[in-house]
Amino acid sequence: MGKKMEDGQDKEQSQQPIPLLTPYKLGNFQLFHRIVLAPMARQRSYGNLPQPHAVLYYSQRTSRGGLIITEAAGVSDTSLIGIPFSPGIWTKEQVEAWKPIVDAVHAKGGIIFCQIFHVGRVSSSDSQPNGQAPISSTDKPLTPEGFDAPKYSPPRRLKTEEIPGIVNDFRLAAINAIEAGFDGVEIHGAHGFLIDQFLKDQINDRTDEYGGSLENRCRFALEIVEAVSDAIGSHRVGLRLSPFANYNEAGDSNPKALGLYMAEALNKHKILYCHMVEPRMKTLGEKSETADSLMPMRKAFNGTFIAAGGYNREDGDRAVAKNQADLVAYGRLFLANPDLPRRFELNASLNKYHRDTFYTSDPVVGYTDYPFLETND
């Protein structure tokens, strides 16, 4: 009797749904699972134009009812990083180049959002129009570390009256994304780029209405959220934040207060989702132990909450099961495993990612050459 009961329990447990693979209603979009392709710089957009090889890259990682977030696309000719081959979405030609990528994802039943950004001071004069200084919330330079670190130029502090123009760049980029067929946009407010340079008190040393208090430092981000939401509808807008991270020397003295303030402030704008990077990802690509948690922000934000940062199958399942997140974004694992949802479903082994090919400009190697599972079905 006992053995029979145990067998029954084992069978019942094996038939329990995998939390990451349960359906989810993301606003107007029906997701068939909770696994999101995280936005990742790939540096294969020659001349700042998305290329035909990106059609294959994104379609490989698309599954029916799966959410894809693209690599960051620049919102203007001042917005790109001081490294080559990043895409933009401020010109008609760029919009046209994105269309076949979007179409390929839609053809496989996927949902695709375009991440839009401005790098601010994470740039060099060499990549700026007329060799001008990069713009930022500050004139404090970014000091690269390491032998192979990029060379950044000292930034120029934006004048107060210039800021509405930058907000408008994000608004126009969002309109362009919808013109290209995207289902929505994710505003990149993380990782030490321009919006984060306003948010974080380690960088923002302004004395106008965009600096000083927490409310003032968050003003720029929230003005962008409002402008983009007004332009394309808040039901098509997400925002990515990394309050705890120190990427590109963008740290804050009270990251929990910053994250909580933003989560609560976003409710007023009724955006579709908030995408936050786990506190354990303080530095680029590496986990670190921390007592901090995203739970206060998760509880404060009324919309869909996406968590990212070093997740594997087990802790992704746990995050969904314990209601710590609605969706979980995967970067490196999804890069190396284009069929990641299928592998998670089967609990199959995973391809190892190759860090040395993350940012090469090769249109195939480290991009579309990671193998799929061999299946008989």
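**Figure 1. Helix 4 and helix 6 pack with axes that come within 9 Å and cross at roughly 35°.** This close-up, like the others here, is taken from a predicted model. The crossing of helix 4 and helix 6 is right-handed. On the helix 4 side, the contact is made by Ile163, Ile166, Val167, Phe170, Arg171, Ala174, Ile175 and Ile178. Helix 6 answers with Phe220, Glu223, Ile224, Ala227, Val228, Ala231 and Ile232.

**Figure 2. A closer look at helix 4, a helix of 17 residues.** From first C-alpha to last, helix 4 reaches 25 Å, close to the 24 Å expected at 1.5 Å a residue. If you are looking for its buried residues, they are Ile163, Ile166, Val167, Phe170, Ala173, Ala174, Asn176 and Ala177. The cover over these residues includes helix 3, strand 6, strand 7, strand 9 (184-189), helix 5 (194-199) and helix 6. Just after helix 4 comes Gly181, whose phi is positive at about 105°.

**Figure 3. Helix 6 also meets helix 7, in a right-handed crossing.** Here the two axes come within 11 Å and cross at roughly 40°. The residues of helix 6 that take part are Leu214, Glu215, Cys218, Ala221, Leu222, Val225 and Glu226. Their partners in helix 7 are Ala257, Leu258, Tyr261, Met262, Ala265, Leu266 and His269.

**Figure 4. The largest nonpolar core has 79 residues.** In soluble globular proteins, nonpolar side chains tend to be buried together. In this model, the residues with the most contacts inside the core are Ile89, Ile116, Ile187, Phe220, Met262 and Tyr330. Helix 6 (residues 214-232) gives the largest share of this core, nine residues. Apart from it lies another core, of 16 residues, with Tyr24, Val36, Ile111 and Tyr273 among them. Leaving out residues up to four places away in sequence, Ile116 touches Ala73, Val75, Ile89, Phe170, Ala173, Ala174, Val185, Glu186, Ile187 and His188.

**Figure 5. Helix 3 bends by about 25° at Lys99.** A proline, Pro100, follows within four residues of the bend. Helix 3 (residues 92-107) has 16 residues and should span 22 Å at 1.5 Å a residue; its end C-alpha atoms are 23 Å apart, which agrees. Gln94, Val95, Ala97, Trp98, Ile101, Val102, Ala104 and Val105 are buried in this helix. Covering them are elements including helix 2 (52-60), strand 4 (67-69), strand 5 (73-74), strand 6 (111-117) and helix 4 (163-179). Just after helix 3, Gly109 has a positive phi of about 85°.

**Figure 6. Ser86 sits in the loop between strand 5 and helix 3.** Although it belongs to a loop, Ser86 is buried, because its relative accessible area of 9% falls under the 20% cut-off. Aside from neighbours within four places in sequence, Ser86 is in contact with Ser45, Asn48, Leu80 and Ile81. Another serine, Ser213, is 127 residues apart from Ser86 along the chain, and their C-alpha atoms are separated by 34 Å.

**Figure 7. Asp196 is a buried residue in helix 5.** Its relative accessibility is 2%. Asp196 touches Gly189, Ala190, His191, Ser242 and Ala250, not counting residues up to four places away in sequence. Asp196 and Glu162 are 34 residues apart in sequence, with 17 Å between their C-alpha atoms.

Figure 8. Most residues other than glycine have a negative phi. Asn130 belongs to the loop between strand 6 and strand 7 (135-136). Asn248 lies in the loop between strand 10 (237-241) and helix 7 (255-269). Are these residues buried, partly exposed or exposed? Asn130 is exposed, with a relative accessible area of 82%, while Asn248 is partly exposed at 24%.

Notes. Residues numbered from 1 in each chain as written. Predicted model: local features only at pLDDT ≥ 70, side-chain atom pairs only at ≥ 80, totals over all residues. Heavy atoms only, no water. Helix = DSSP H or I, 4+ residues; strand = E, 2+ residues; numbered from the N terminus. Expected span 1.5 Å × (residues − 1). Bend = angle between axes of the 7 residues up to and from the residue. Buried < 20%, exposed > 50% of the residue type's maximum accessible area, 1.4 Å probe, protein only. Contact = heavy atoms within 4.5 Å. Core = buried A, V, L, I, M, F, W, Y, C linked by side-chain atoms within 4.5 Å. Axes fitted to C-alpha atoms, helices over the stretch in contact; angles between N-to-C directions. Left-handed = near helix turned anticlockwise from the far one by under 90°.
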